[in-house]
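Please look over the model shown here with attention to its backbone geometry, its helix packing and its side-chain contacts. The report that follows takes these topics in turn.

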Amino acid sequence: MERRDFLKTTSLTASAFVIGFYIPSKSRAEDTKEVALQPNAFVEINSDNTINFIMGQVEMGQGTYTTLAMCIAEELNVNWEEINFKAATVAPVYNHFYGPLMITGGSSSIVAKQLEMRKIGSALNIMIKEAASKKWKVRAYDVETKDSKVTNKRTKEEFTFGQLVSDLASIKVPKDPKIKNLNDCTIVGKPHSRHPKEAWAKVTGNADFGLDIRVDGLKYAAVLHPTVFGAKVKSFDASNVEKRKGVIKVKQIPTGIAVIADSWYVAKEALNDLKVEWDLGEFSKVNTKSMDEEYSSLMEKDGASMRKDGDSAKAFKEAKKVIELNYNFPFLAHAPMEPLSFAAHHKKGKATLWSTAQSQTLAFAAALKVLGVEASNITYNTPYLGGAFGRRGAINLDFVLEGLFVAKDEGYPILTLWTREDDIKLGSYRPKYKNKVKLALDEHGDITAFDAKVVSQSIFKGSPFEGFGFKDGVDGAQKEGLASHPYSIENHDMQAYITSSPIPVLWWRSVGHTQSAQTVECSIDQAAYYAKKDPIEYRKSMLTNQRFIDLLDDVAKKSNWKNRKKEKNVGYGVAIVESFGSICAQVAKVRVSKDSYKVEKVWCSVDCGFAFNPQNVENQMVGGINFGLATLLSSEITIKDGATIQSNFYDYTVTRISDVPDIEVSIINSGEKIGGIGEPGTPPILAAVPNAIFDATGKLYTSMPIKMG
């Protein structure tokens, strides 16, 4: 956006004032254009003193709205409880530092936006003070702001922020406003529940989620999809469907057959009367067992190098002990609580969208391509998202494209809604992984070599993110956390193998760390066992990063590790993982019975540099741990005859309330570089629990989910 365009589109009227500006970052160092007035976050103040924070990130339950609002409010000195949230439209000014797009993911919202939001709040605070001081004819030093009001310290006169709206138009936006040191903040860094406006809207049912879209003339669509991955429609007969009351239209789209009706129930039930002949293709002969065999056969050859240093072959030749471990991780569905949906109204060269995509830019671009409308003729709306865990960031834009193709040229708004069965059975899974590890130990029990092989589909290859996540035959999710493990080991030979199938794969909460955390941390634990050394002390002996050591000490102290009670059938396991810029250590206490186990307690110590909202950090740790437990207890996607067996929560089971352990979270503000918090709680639990079961039983389970019977 050029400066003149910003001036045209920025509201500077007597009724409202909107501010935002560009804060340079390292990732934008090559941007040499004049950018001082390019906004990438906004605050809207109305003359009635209502204040709206306009958010470019999506809120999907992770607390982004609240924490980013805290950053603005800290510097702006508004009445915290009275601010409102508005979702931003699609514009480059809201782009992420990942690249030229709006996106929410990778535990990056606070990392990417906190500085910008704080600077925006500070700049507007300075401008409000200047506007008030001019009206009172005093120095800016003689005025102060609090609770959305500005006060003359001499006379005690007051203006609301809204009363100064028209005066703000003549005030120059500061280029580099001063902000508080984080340790001096009164809102940021203090525990806050969800903002009361957001929380109240949700508990009263007034918050609009994707499924809540209600507009005049709204119709509903359901889509009949093939059950076999890669299958295509050969022919279909919709004559019985078209006779149904309430059915408006039957329409073939690239991914199946859509039924448009007056109600969702009518559309969904009408699918039962569709007669479709499918071309099932060769994948109909594939099942989980045959995929396992394919993955194993690939490992017999040399793969693409993820990491190679030292002389691994020599280290194994001289080793006193060699540990070999095989890990198996199934496909995993995301299973957010709110099923996927997309609504669109396409009529006469214009379109209105209601999108629950994690990337507004990609969904917007898809609309341009599918609907063939001009960007200026698209109105984009972002409701609340009822959970995502990466699913609504689908690289193939499956549910977005379906909604667009269904609504194209129909002339009325249509909400295309997936069932839970659609969501579970149609892919975009965490990839299936088969990993192999070899460790060489010397006479002291120290690891002298770490070899690994990883087989999976690629998340990034062939996607818009290939340049970011795929290189030299290695998918970023294969080596993430594995090739970059934190331990001082001299020799490595780590190889990757890419397989392919028509099953779409996607990032899943903590992405590659979902397989590498267990691969690294369970293997390290086995080495500690054979070395006859304490697992925490063994790890510390190989660590050089003090943050890791401090976290292990903290979680050891919190769990009373050194004096933990020895009980029959009870085990304790530890793991530590760095992901998304944060480090998290966990100790799990597990009680084992004949054919099952129960995670009774988890101690979690996390260092994200600085906790902007400690309560949300704790919430995300608890949520991440419980999310991860499902993959250990029961969650898995299996394939038979080219189709997914599981279909809903009765057979794709997630963590139940009865599974939830007591969780104690400790937060360390190290002052180091700020990291993300939405995902780092998940990876450590994936290793800490198997390590605890080994401590209790002497058996390490390396195939997930853990089946003890």
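Pro705 is found in the segment after helix H19, where helices (H or I, at least four residues) and strands (E, at least two) are DSSP runs numbered from the N terminus. A cis peptide bond, with omega about -5°, joins Met704 to this Pro705. This is a predicted model, in which local features need pLDDT of at least 70 and side-chain atom pairs count only at pLDDT 80 or more, while totals for chains, interfaces and linings use all residues. Residues are numbered from 1 along each chain as its sequence is written, and side-chain values use heavy atoms, with hydrogens and water left out.

Most residues other than glycine have a negative phi, and most peptide bonds are trans. Asn49 has a positive phi, near 70°, and lies in the loop between strand E2 (42-46) and strand E3 (51-55). Ser510 also has a positive phi, near 85°, and its place is in the loop between strand E23 (491-499) and helix H15 (513-530).

## Packing of H18 against H19

Two packed helices are described by the angle between their axes and the distance between the axes. Here the axes are lines fitted to C-alpha atoms, for helices over the stretch in contact, and the angles run from 0 to 180 degrees between N-to-C directions. Helix H18 (residues 614-633) packs against helix H19 (residues 682-697) at an angle of about 50°, with the axes 8 Å apart. That angle makes H18 oblique to H19, given that angles under 35 degrees count as roughly parallel, over 145 as roughly antiparallel, 65 to 115 as roughly perpendicular and the rest as oblique.

The crossing of H18 and H19 is right-handed, a crossing being left-handed if the near helix is turned anticlockwise from the far one by less than a right angle, and right-handed if clockwise. Gly624, Ile625, Phe627, Gly628, Leu629, Thr631 and Leu632 of H18 make the contact with Thr682, Ile685, Leu686, Val689 and Pro690 of H19, contact meaning heavy atoms within 4.5 Å. By class, this contact has 8 nonpolar, 4 polar and no charged residues; Ala, Val, Leu, Ile, Met, Phe, Trp, Tyr, Cys and Pro count as nonpolar, Asp, Glu, Lys and Arg as charged, and the others, Gly among them, as polar.

H2 passes H3 in a right-handed crossing. Among the residues that meet are Thr64, Leu68, Cys71 and Glu75 in H2, and Ile110, Lys113, Met117 and Arg118 in H3. The contact of H2 with H3 has 8 nonpolar, 7 polar and 3 charged residues.

Lys134 and Glu130 are 4 residues apart, about one turn of the helix. The structure holds 39 salt bridges.

## Packing of H10 against H11

Helix H10 (residues 360-371) and helix H11 (residues 398-407) have axes that come within 10 Å and cross at roughly 35°, in a right-handed crossing. Ala363, Ala366, Ala367, Val370 and Leu371 of H10 make the contact with Val400, Leu401, Leu404 and Phe405 of H11. By class, the residues of this contact divide into 9 nonpolar, no polar and no charged.

An unreviewed UniProt entry carries the annotation "domain: Aldehyde oxidase/xanthine dehydrogenase a/b hammerhead" for residues 204-282. Over residues 204-282 the chain is 14% helix and 38% strand, and the end C-alpha atoms are 50 Å apart.

Trp264 is found in helix H7 (residues 264-270). Not counting residues up to four places away in sequence, Trp264 touches Tyr220, Ala221, Ala222, Leu417 and Thr419.

Definitions and conventions: UniProt positions renumbered as here; feature names shortened; annotations may be inferred. Salt bridge = Lys/Arg side-chain N within 4 Å of Asp/Glu carboxyl O.
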